[in-house]
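Please consult the sequence and coordinates shown here alongside the text.

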Amino acid sequence: MGVKIIIYEDNQHLRNSLQSLLRFQDEIELQAILPNAQTVLQDIEVFSPDVVLMDIDMPVVNGIEALRQIRNQYPELPVLMLTVFEDNDNIFHAICAGASGYLLKKNIDQVVPAVRDVLSGGAPMTGVVARKVLSLFPKPAMPQPADDHSLSARETELLQLLIRGYSYKMIADELQIALETVRTHIKRIYRKLQVNSATEAIYKATRGGSL
Amino acid sequence: MPMSFFLPAATLLLCLTFERAFAQPYKAQDSVAIYKMLEEADASDLSGDMDKALGHAREALALSKSKKMDRGAGFALLKIADLVLKKDGAAKTSALYDEPFRIGLRLNDSFLLGLTKHQLAQYYRDQVQYPEAIDSYKQAVSFYRPSAEGHYIALASNDQGLLYERMGQYDKAIDMYLQAIRFFEKENDIKEAANTTGNIGIVYYRMGKKQEAIRQFRVSASMRESIGDVKGLTAVYGNLVTAFSSLDQQDSASHYQRLALQNAEKTGVKHTLAQAYANASSLASRQQKWKEALDYERKSIALYQDVGDQLKLANRFLSLGLIYDKLNDSIAAENSFASAMDIARKLQNKPLFQSIYTSGSAFYARRNNHQRALDYFKFSTAYKDSVLNEKVSANVEELKTKYETEKKDFDIARLETEKKLKQLELEKKTAIIEGNRILAARKEAEIALLKRDEEIKRLELAQKKEELARQELLARESEQQVLRSLQELQIAENEKKLRQRQLERERLLRNGMIALVVLLFLIGWLLFNRFKLRKKLEEKEKLLEVRNRISKDLHDDIGSTLTSIHILSRASEQSLEKEPGNVRRMLGDISQQSQSIQQNMSDIVWAIRPDNDKVENLVNRMRENIGLTLEPRQIQCSFEADENLLRQSLPMEARKEILLIYKEAINNILKHAHATEVNIRVTRQDGFLRMTVRDNGTWKEKSTTYSGTGTTSMSQRAASINGTLRIDGSAHGTTVTLDVPVT
């Protein structure tokens with residue numbers, strides 16, 4: 001029995017290709033591949049997936065909006081974002097809104113390991129996203145006991161290496177830590193990001209804006 | 001508004017019927033001839049030809065003398081005196097009346113005597129010697145016989161009334177006027193009676209009894225209406241206008257003003273009409289009907305210009321200026337003042353100057369041109385002083401005359417006193433000799449008295465002389481002062497003009513400078529704009545070039561790869577049944593080629609983004625690439641980048657090409673080198689960015705591969721950014737070195 005997934009993707013060609021690709025994957029059980037996220041909550045109720053793959057750029061209800069709806073009802077359901085470009089704000093906003101990870105469409109053939117990583121708690125992060133993460137957190141003026149919401153020195157260091165193009169493995173080598181530790185750090189960063197951006201969202205909302 | 005006076009004609013015409021009650025040594029026809037000549041003189045006088053009149057009068061005098069006709073000579077002399085006085089008002093002609101008076105006495109001719117005194121009185125009147133004039137008038141009246149010369153008595157009385165009125169002795173004036181009216185009525189001369197009635201009205205007006213004045217004017221008007229005396233009516237209506245206007249009965253004033261104008265038009269005399277229009281304008285001004293006032297004033301001016309009365313014209317222009325001022329037409333007002341000023345200059349009339357400057361000062365003050373107002377005020381004051389000074393001089397002149405007379409009188413008196421003293425001395429001596437002590441003492445006292453009298457008189461005279469000297473000094477001083485202040489004003493005016501001219505020059509210079517600066521600025525701006533435009537065009541061209549290159553890249557790389565994928569797909573389709581083995585290979589190619597397109601696209605997009613313009617960005621991307629390429633193959637990697645190169649900017653083209661060369665090099669290692677270690681370095685090497693990719697690969701198949709398209713495209717890419725590419729292969733590995741110039 002494979003992992004049950006549903007995919008939201010507005011491009012018909014890509015939908016067809018994904019269907020062809022995932023049809024013969026034993027690890028994955030593709031339950032539905034949907035062109036829009038207008039009925040996202042009903043869909044989840046009907047299919048009760050283990051993982052949701054969500055395209056960010058979609059008409060009517062975009063991926064981030066759909067992600068928020070999901071998070072309201074299912075805080076723990078893993079949601080993997082699909083996107084063409086990594087170097088715009090989409091991925092970052094998605095992570096802030098509670099995405100579990102992301103997958104670039106050019107690496108769509110890596111969908112199976114990506115799903116596996118997400119389920120095992122390993123989320124990907126690249127330099128572009130890392131730069132934005134760092135800029136969101138205020139730089140601590142002096143080393144202070146890390147609380148739950150600010151980045152630790154190690155986490156900051158890790159993000160800086162990511163920005164410079166280091167892979168997880170290279171980071172592990174550089175910092176002389178296990179690869180698994182790198183992943184744990186990243187996961188923690190994700191969580192802090194979500195908490196932090198939530199407080200920021202409240203802050204912004206009181207100012208009459210919206211995230 | 002001036003009151004119009006009607007002096008009886010100054011000329012006392014001689015065209016009268018004479019009683020010939022005297023025995024005459026000359027013939028009747030001589031007498032007729034002489035009187036005819038005098039009549040002709042009168043006629044010429046009336047028509048204004050003075051020289052001709054004088055010629056006739058002298059002819060009459062000559063004939064009278066040759067025929068021993070004293071009476072004719074007397075009248076001829078009177079006529080001559082009259083004419084001479086008329087020709088030259090300032091001529092001292094009182095002596096001219098001495099001979100006719102003697103003739104009159106000799107002939108005991110009351111008319112000749114009366115007329116002589118009458119003319120003398122008029123002479124004094126014109127010389128403003130009012131007491132002498134009145135005295136002469138009284139003598140004339142006493143000579144005239146009421147039965148025969150009543151008309152002349154009336155005229156003389158009227159004149160006396162006028163003089164009393166001028167001297168402010170209103171009761172005497174009215175007495176005289178009433179006497180004149182009695183005689184005029186006796187003579188049935190309604191015209192003159194009406195005139196004198198009008199004069200009584202004027203006296204009442206002066207006394208402030210305006211209602212009584214109006215009553216008199218109305219009587220005068222009705223008398224004049226009865227005989228159709230339009231000229232007189234114009235005058236009396238004018239007086240009524242003044243009276244009503246002063247009582248603020250504007251309707252009545254306007255009514256009489258219309259009548260005055262109508263009658264003035266009827267007279268056909270331009271002078272009268274011009275004055276009537278001027279009066280109408282004054283009335284309209286007083287009623288604040290400025291437009292109407294303007295209209296009348298213009299008509300008046302046109303008429304005065306016709307008759308050429310400059311003084312009146314100047315006053316009219318001044319009044320016109322004031323009306324324009326009220327109408328708020330500053331330019332027209334200034335023009336009017338200027339016209340008045342022109343005439344004043346021509347006439348050199350100081351009172352006129354003064355009133356123009358006074359009005360001008362007020363005018364400029366109202367327009368907040370205080371400098372001008374002050375200047376005009378100064379001028380006005382200076383002229384006022386000057387006018388005053390002339391009066392002072394006249395007074396001094398009068399004092400001098402009086403002094404001279406008194407001195408002469410004193411001398412005569414002194415001579416007489418001396419004679420008397422001698423007489424008294426003689427009488428005293430005689431008395432002493434006769435032993436009459438009392439008489440001698442009385443004579444002695446008389447002598448002392450006389451001497452003291454003389455002394456007093458002498459002292460008085462000395463005092464007067466002193467007074468005169470002081471007055472003269474004062475007059476001269478004030479005259480000099482006025483002159484000086486006028487000069488100072490003139491100098492100040494000139495200085496002001498000079499300063500203004502200088503200011504204007506400075507202003508011109510300044511404006512020129514400003515214009516120049518503006519022009520320079522404009523030129524600069526234009527040049528800068530052109531520069532900016534050219535720069536913009538250059539940038540646009542550059543951008544166009546970039547775009548062209550990108551589209552060429554896309555077309556070359558992606559277009560041809562897509563075509564290739566398309567062909568491969570079709571070929572796979574066709575080969576599916578015949579050669580299934582080939583299909584697998586072709587599908588592999590499709591997969592690999594499409595992935596390469598993706599990579600390419602990603603790289604192009606990365607290169608285009610302007611925030612990736614530093615070497616640092618390039619290095620990061622290169623390192624990132626290792627994680628995706630070499631790392632999964634378990635190839636050991638070292639990556640070094642020169643820290644001081646990281647902030648260096650790189651143009652879009654360069655970063656793209658360097659990245660692609662690097663990726664090609666890595667690609668080649670992956671494909672062909674079987675390397676276990678790769679060393680990558682990015683360093684600075686005097687003006688060059690040096691990138692080296694070294695592997696420890698073995699050299700199987702490599703020779704063929706490296707001469708293939710991969711290396712060719714690498715070299716081309718290097719050349720396109722002015723870089724050099726070197727590939728050094730050896731048994732222990734390959735080193736790819738790229739040098740790119742950086743600034």
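**Contacts and elements of chain A**

In this predicted model, 63% of the contacts in chain A between residues at least 6 apart in sequence join residues at least 24 apart. Chain A has 211 residues, of which 36% count as buried.

Nine helices and five strands make up the secondary structure of chain A. Read from the N terminus, the order of elements in chain A is β-α-β-α-β-α-β-α-β-α-α-α-α-α.

**An open sheet in chain B**

Chain B contains an open sheet of five strands, arranged in the order β1-β2-β3-β5-β4, with mixed pairing. Its edges are formed by β1 (636-641) and β4 (724-730) of chain B, each of which pairs on one side only. On average, neighbouring strands of this sheet are turned by 10° against each other, direction ignored.

The pairing of β1(B) with β2 (residues 677-685) of chain B is parallel and comprises six bridges. Within these strands, Ser638(B) stands opposite Asn679(B) of β2(B).

**Helices on the sheet**

Helix α21 of chain B, residues 615-628, lies across β1, β2 and β3 (688-695) of chain B and runs at about 175° to β1(B). Helix α22 of chain B, residues 652-673, also packs on the sheet, where it touches β2, β3, β4 and β5 (733-741) of chain B. The direction of α22(B) makes about 10° with that of β3(B).

**Contact between the chains**

Nine residues from chain A and ten residues from chain B take part in the contact. On the side of chain A that touches chain B, three residues are nonpolar, three polar and three charged.

Key. Residues are numbered from 1 along each chain as its sequence is written. Chains are lettered from A and ligands numbered from 1 in the order in which they are written. This is a predicted model: local features need pLDDT of at least 70, side-chain atom pairs count only at pLDDT 80 or more; totals for chains, interfaces and linings use all residues. Two strands pair if DSSP finds at least two bridges between them. Helices (H or I, at least four residues) and strands (E, at least two) are DSSP runs, numbered from the N terminus. Axes are lines fitted to C-alpha atoms, for helices over the stretch in contact, and angles run from 0 to 180 degrees between N-to-C directions. Two residues are in contact if their C-beta atoms, placed from the backbone, lie within 7 Å. Ala, Val, Leu, Ile, Met, Phe, Trp, Tyr, Cys and Pro count as nonpolar, Asp, Glu, Lys and Arg as charged, and the others, Gly among them, as polar. A residue is buried if 20 or more other C-beta atoms lie within 10 Å of its own, exposed if 12 or fewer, and partly exposed in between; C-beta atoms are placed from the backbone.
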